[in-house]
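Have the structure open while you read.

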Amino acid sequence: MENIIWKKTTRNILLAFLLYSIAGFLSSLFAGIGDIVSSFDRVNYFYDYSYGTELINYWEFLGYMLNMAGIAGLVLFLIAINRFIKCQKDENDAGAVRMIRNSYILLIIGMLVGYLFLVGTIIKHVMLLVSYILIIIGYSRLSHSPIIPEKGRSGASKLMVCAILGLVGSLLGAIPVAGYFIECIMQLTIFIIAIIAWCNLKNNAPAPDSKDITAMAIKEKTKHGRALTTLVLTDTILGLTVTLLFVYSTYLPHVEFIDSQLPFASHYSQFSAIAFFIYLIVFTTGRRGALQLSGAIIMATISLIAVINHFYPISSFFTYDFETYTIFYEIYNIVYILLTLTSYILLVLGTKVSNMFRITVVSALGINFIRSIISMIILANNDYMYNEDYAIFSEVYNIIYYVVSIALIAFCIIEKHVLKKSAATELGV
């Protein structure tokens, strides 16, 4: 019998590795292009007095976005590595993977500390050295596992070689000019070897035992519920991030693209909408049952409309005046939130989740819908002009939105544990 949990966990590790590696490379590339582009008009480019804020070009913005994607990849990598610890059948193997996980945490802390001027740079190099040594030891121990098949162990050996190359590359990288090219070659070599290594580990899993079979049964029973909580979690985090960026847009740079200058949050929300739409397409293909599929299709459809509206605002097809634009925007917002609420109601009704989770999700979106209605009433009483009452209401709502979003994130995490426990009880574990 195939060890499905091992294969899925190592696959997730590989995907997370690809995400943070490719995103990190592209982030550096685009940031470099951005520096070159901005150097042509450095005096007038970086500060625009009409906005009173810093300006960045689109290449630099893409660098920021990919840097965020890289951080997300690292987080997913650590989550997957943590799950990989639970896949180990030998305590020594579990200890080796635990050491690798802790080493990556130390590596990330070291990179962050490096921003603290001279002292931070010294501490960073010490932490990087220690973390690389621990990673080498961890993979070395895993390569001598008595449980993992020979080809799987060879994958661990390759990862140990990657860690050694990473350590040597970071040391040689300190050499002026030549060090940069040496490090780039090392990183490319590490990237190729690491992919082969994780594929070796993925395709050569230890035979499953009764514990693995039970875990697989629990995952199968909870897969739809876990997919829904992950969808809610993703949607909430993206929405919360966009809201925070808009609230603090005054302190963030504006992005120069062709002849337009828009706040950082506006461009970020476009990328978030595209990412969420792609995620929804993947989510929809795995749905079964009329309610689940209907809810997923409605959500994917309105998400596509939101993406199109970002690039080609529907309001631009109407005769432009401020009142018409405001009315249209508010009506569009109400319809969008109402359809989102409808799709989530269908999804939570068609998926096996707790009643508390259903109430939480519907209540959170219900609050958003009520906010849109109240906004429309306030604007209607003021000839559809944004006034002080609207501004105060928006501030109050933002605080409520933060609290509700944090609560929703907490409930998503709790619900996964509830689903797992419920499935285990059904299976008599």
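Start with the handedness: helices H9 and H10 cross in a left-handed way. Keep in mind that this is a predicted model. The other topic is disulfides, and a search of the whole structure turns up zero of them.

**How H9 and H10 pack**
- H9 covers residues 264–285 and H10 covers residues 290–311; they pack at an angle of about 155°, with their axes 9 Å apart.
- That angle makes H9 roughly antiparallel to H10, because the cut-off for roughly antiparallel is over 145 degrees.

**Who touches whom**
- On the H9 side, the contact is made by Ser269, Gln270, Ala273, Ile274, Phe276, Phe277, Leu280, Ile281, Phe283 and Thr284.
- H10 brings Leu293, Ala296, Ile297, Met299, Ala300, Ser303, Leu304, Val307, His310 and Phe311 to that contact.
- Sorted by class, the contact of H9 with H10 has 15 nonpolar residues, five polar ones and no charged ones.

**The cysteines**
- With zero disulfides found in the whole structure, Cys162 is in no disulfide, and its nearest cysteine sulfur, that of Cys199, is 12 Å away.
- Seen from the other end, the closest cysteine sulfur to that of Cys199 is in Cys162, and 12 Å is too far for a bond, because a disulfide needs the two sulfur atoms within 2.5 Å.
- Is Cys162 buried or exposed? Cys162 has 6% relative accessibility, so it counts as buried.
- Cys199, at 26% relative accessibility, counts as partly exposed.

Technical notes. Residues are numbered from 1 along each chain as its sequence is written. This is a predicted model: local features need pLDDT of at least 70, side-chain atom pairs count only at pLDDT 80 or more; totals for chains, interfaces and linings use all residues. Side-chain values use heavy atoms; hydrogens and water are left out. Axes are lines fitted to C-alpha atoms, for helices over the stretch in contact, and angles run from 0 to 180 degrees between N-to-C directions. Helices (H or I, at least four residues) and strands (E, at least two) are DSSP runs, numbered from the N terminus. Angles under 35 degrees count as roughly parallel, over 145 as roughly antiparallel, 65 to 115 as roughly perpendicular and the rest as oblique. A crossing is left-handed if the near helix is turned anticlockwise from the far one by less than a right angle, and right-handed if clockwise. Contact means heavy atoms within 4.5 Å. Ala, Val, Leu, Ile, Met, Phe, Trp, Tyr, Cys and Pro count as nonpolar, Asp, Glu, Lys and Arg as charged, and the others, Gly among them, as polar. Buried means under 20% relative accessible area, exposed over 50%, partly exposed in between (1.4 Å probe, protein chains only).
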